[in-house]
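Biologist: I would like to learn how to read a structure like this one, step by step. Could we look at it together?

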Protein chains: 2
Amino acid sequence: MVLRSWVSSANDRDTDFPLQNLPYGVFRTGNENHIGVAIGNQILDLRGCAEQGLLADLPAEVVSACTAAVLNPLMALGSTAWSALRRKLTTLLGEESAVQETRERVELLLAPMNNATMQLPAQIGGYTDFYASIHHAERVGRLFRPENPLLPNYKYVPIGYNGRTSSIVVSGTAIRRPCGQLKPQQAEPAFAPARSLDYELEVGAFVGPGNALGQPIPIVEAEEDIFGLCLVNDWSARDIQSWEYQPLGPFLAKNFATTISPWVVPLEALTPFRVPAYERPAGDPAPLPYLNLPNRDCAGIDLTLEVYLASESMRRAGTAPMLVSRGNLRHLYWTLPQLVTHHASNGCNLRPGDLLATGTVSGPEVGSEGCLLEKRDRPEPVRLPDGEERVFLEDGDQVMFRGYCQKPSWPRIGFGECTGTIVSASVKG
Amino acid sequence: MVLRSWVSSANDRDTDFPLQNLPYGVFRTGNENHIGVAIGNQILDLRGCAEQGLLADLPAEVVSACTAAVLNPLMALGSTAWSALRRKLTTLLGEESAVQETRERVELLLAPMNNATMQLPAQIGGYTDFYASIHHAERVGRLFRPENPLLPNYKYVPIGYNGRTSSIVVSGTAIRRPCGQLKPQQAEPAFAPARSLDYELEVGAFVGPGNALGQPIPIVEAEEDIFGLCLVNDWSARDIQSWEYQPLGPFLAKNFATTISPWVVPLEALTPFRVPAYERPAGDPAPLPYLNLPNRDCAGIDLTLEVYLASESMRRAGTAPMLVSRGNLRHLYWTLPQLVTHHASNGCNLRPGDLLATGTVSGPEVGSEGCLLEKRDRPEPVRLPDGEERVFLEDGDQVMFRGYCQKPSWPRIGFGECTGTIVSASVKG
């Protein structure tokens with residue numbers, strides 16, 4: 001039997017935030033940032049809970065972590081602490097379990113999500129972006145190397161690179177079109193606003209306790225180091241990228257902005273949606289032993305990911321955003337624990353609050369491309385409801401990602417939104 | 001006339017730290033980290049100075065920044081504040097200017113450098129590594145692409161990539177040989193300790209106030225955003241690198257460790273050693289306007305950089321470290337202000353304490369190669385005084401960088417040491 005919450009909006013069929021989700025975020029209240037937990041259309045003030053003694057039966061370090069202005073201290077505590085806090089919150093918010101008197105005290109600590117100003121959930125000390133979707137790698141590779149889309153290392157190495165943390169912003173922040181060196185074929189490079197601005201649909205994993213420098217994280221322990229997941233839009237300027245990226249990889253093409261969703265869904269909330277990891281086609285090499293999954297049968301996550309686009313004129317006309325892509329995290333060639341273990345395999349230290357993103361999540365089917373670049377494979381550009389066409393993003397375009405896990409027997413576990421709107425470059429093109 | 005200090009060791013001919021240098025660092029004293037200033041063989045406790053009222057005629061925010069446990073707050077204040085503090089310290093430590101009574105109070109705040117435990121000077125929120133030496137790019141490129149060593153973007157784009165901050169360590173920290181995927185030609189990849197471990201001789205620039213997201217830093221203002229310089233050893237595992245680096249650049253080959261020197265030399269201390277920027281050979285394109293130096297005649301820095309190597313058996317036998325390379329920062333194709341401006345040109349925000357490294361500094365001459373990889377161009381391996389040979393680093397090898405500016409009319413401005421010793425991998429090969 002599925003538990004219900006006394007917060008009635010949490011029992012709505014289409015809420016992202018039922019009692020079974022309880023994602024963490026940081027919201028502004030008064031002049032302070034507090035950790036909050038999403039429940040239906042409300043936010044439960046976790047610092048308030050701690051200060052009011054509602055968490056008193058939890059270990060002192062858990063209570064203390066709940067009073068911080070970022071999630072890092074909670075992330076550092078590890079999965080036993082996370083589970084204990086989650087059980088407690090389920091009791092406080094559950095229809096059956098909440099004691100009437102406690103419920104009244106908790107009710108005072110709810111704030112409507114509508115009015116809330118969300119902040120970055122953690123102080124992100126390190127951001128790493130991977131390339132874990134083979135469908136993305138193949139489709140993009142085909143544009144550059146039609147005969148040989150996948151490089152020889154792809155099926156052995158979970159390819160990744162260091163991202164930039166300073167320009168990570170929370171959903172809703174405007175995204176300024178970057179300027180950069182563009183090099184049209186047969187012409188000299190020039191500095192101008194990027195023309196080929198793209199989104200990349202990704203999922204991010206926040207690191208838990210992490211590892212000391214020099215100490216790898218064995219694959220059997222890697223899941224213990226994942227606090228939870230969020231949505232990530234790794235905005236990309238394809239024209240800057242194609243000119244700058246050799247030999248050291250993407251730099252200014254990416255680090256002008258990365259948007260993340262404000263809510264971090266605990267890995268535990270996704271347990272009912274675990275599925276087998278992507279099955280490597282016959283003939284593909286097995287992962288090297290250090291990347292060999294102990295639990296391949298439930299190493300994947302059945303998480304639907306969607307991209308919506310609304311141009312400025314659509315928004316002005318009140319036209320609903322258009323679904324332009326739908327994919328699923330289960331299609332990743334490399335699972336999240338493999339990314340964690342690979343990252344630490346050389347001794348590189350991961351720290352609480354570090355963000356590991358999957359890279360663009362694309363599926364095998366037409367319509368599941370996680371970025372506009374991949375759609376160039378298709379004969380037609382994206383056509384919006386009002387007749388506009390898109391090859392890349394225009395000023396005023398609003399891109400919204402959604403993510404959710406859904407099945408008949410369980411409440412929908414949603415990720416909320418990850419949104420950004422393009423504003424024009426600071427200099428003219 | 002050159003000013004002398006009443007700290008007598010600061011007047012030694014071969015000290016790195018005369019009155020004209022006054023680099024900043026962070027040292028451990030009691031259970032606390034204090035900002036210190038190197039003077040001769042002593043460290044002046046800057047927090048002590050602030051607390052004792054010795055800086056009382058400086059603006060309050062400068063005094064407050066001197067009491068921090070890292071240099072970030074001071075870096076954030078900008079060049080006017082830096083100059084004011086530097087003038088004050090010069091007065092306090094100068095032979096002529098110091099008042100006797102003050103001098104006695106300052107003397108109590110000196111600690112011998114010998115016993116000091118140095119810390120990272122700043123909390124480094126972002127680390128970017130560039131590729132600014134054309135001699136390095138050409139020599140390395142020749143190994144991979146003999147016909148076409150330099151890629152077409154090199155003379156237009158100051159190539160760089162995001163590094164990893166978590167594994168930046170201070171000079172003296174042991175460096176564990178990383179494990180990773182190695183792919184010998186004609187063999188399957190395997191996970192094993194790296195065999196081709198290398199150093200990279202670099203210079204790092206700490207960012208000052210920085211810029212807001214979306215606001216570029218014009219080239220005429222870029223120097224104002226450089227607080228000071230340090231030495232950087234960007235350790236590299238060449239065998240991991242060659243297998244992983246396509247298409248997104250170096251990752252695990254680099255992020256297992258980066259060593260920096262503890263002392264940050266203020267840019268102002270280097271003024272007497274400013275020289276013209278590297279002269280682009282005839283036929284090279286001019287930099288695009290946004291990278292056009294306003295002061296080409298003094299945009300370079302005449303900074304000598306040296307690499308010393310001491311194997312375990314040399315150290316056991318008491319043999320002095322061997323000089324294996326000597327280069328100079330003046331040979332950089334891209335100057336530090338160009339790196340700052342390029343980095344922010346897409347709106348990417350730089351923050352106080354961010355570290356921008358030059359990439360391997362190599363000169364045109366034989367003997368000025370900034371890493372061992374480049375020496376493979378030469379017919380002979382490096383031969384150590386006791387007869388050992390080195391193609392890459394062995395366990396027990398100690399690598400020491402030194403950097404200094406020197407000319408007849410001025411005291412030597414030194415950078416101290418940037419040292420690391422290789423310890424064996426955590427698993428057997």
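Biologist: Which residue's backbone nitrogen lies 3.3 Å from a polar atom of the side chain of Asp386(B)?

Modeller: It is the backbone nitrogen of Glu388(B). Such a pair is called a polar contact, meaning N or O atoms within 3.5 Å, where within protein one must be able to donate a hydrogen and the other to accept it, and where residues adjacent in sequence count only if both atoms are side-chain atoms. Before we go on, note that this is a predicted model, in which local features need pLDDT of at least 70 and side-chain atom pairs count only at pLDDT 80 or more, while totals for chains, interfaces and linings use all residues. Residues are numbered from 1 along each chain as its sequence is written, chains are lettered from A and ligands numbered from 1 in the order in which they are written, and side-chain values use heavy atoms, with hydrogens and water left out.

Biologist: How should I read the confidence values?

Modeller: pLDDT is the predictor's confidence in each residue, from 0 to 100. Where pLDDT is low, the predicted coordinates should not be read in detail. Here chain A averages a pLDDT of 96, with 99% of the residues at 70 or above, and the predictor gives the complex an ipTM of 0.97 and a pTM of 0.97.

Biologist: Where is Asp386(B) found, and which residues does it contact beyond its neighbours within four places in sequence?

Modeller: Helices (H or I, at least four residues) and strands (E, at least two) are DSSP runs, numbered from the N terminus. Asp386(B) is in the loop between strand E23 (382-383) and strand E24 (389-390) of chain B. Contact means heavy atoms within 4.5 Å, and, with those sequence neighbours left aside, Asp386(B) touches Ser311(B), Ser313(B) and Met314(B). The side chains of Asp386(B) and Ser313(B) are joined by a polar contact of 2.7 Å, although the two residues are 73 residues apart in sequence.

Biologist: Is Ser261(A) buried or exposed?

Modeller: Buried means under 20% relative accessible area, exposed over 50%, and partly exposed in between (1.4 Å probe, protein chains only). Ser261(A) counts as buried because its relative accessibility is 0%, whereas Asp386(B), at 38%, is partly exposed. The side chain of Ser261(A) also reaches the backbone nitrogen of Leu231(A) at 2.9 Å.

Biologist: How many residues of helix H9 of chain A are buried?

Modeller: Nine of the nine residues in this helix (336-344) are buried, among them Leu336(A), His342(A) and Ala344(A). The buried residues of H9(A) pack against several strands of chain A, including strand E6 (127-130) and strand E14 (226-233).

Biologist: What is the strand order of the open sheet of five strands in chain B?

Modeller: Strands of a sheet pair through backbone hydrogen bonds, either parallel or antiparallel, and two strands pair if DSSP finds at least two bridges between them. This sheet has the order E4-E3-E2-E1-E5 (chain B), with antiparallel pairing. Its edge strands, each pairing on one side only, are strand E4 (110-112) and strand E5 (117-119) of chain B. Three bridges join strand E3 (42-45) of chain B to E4(B), and Ile43(B) stands opposite Ala111(B) in E4(B).
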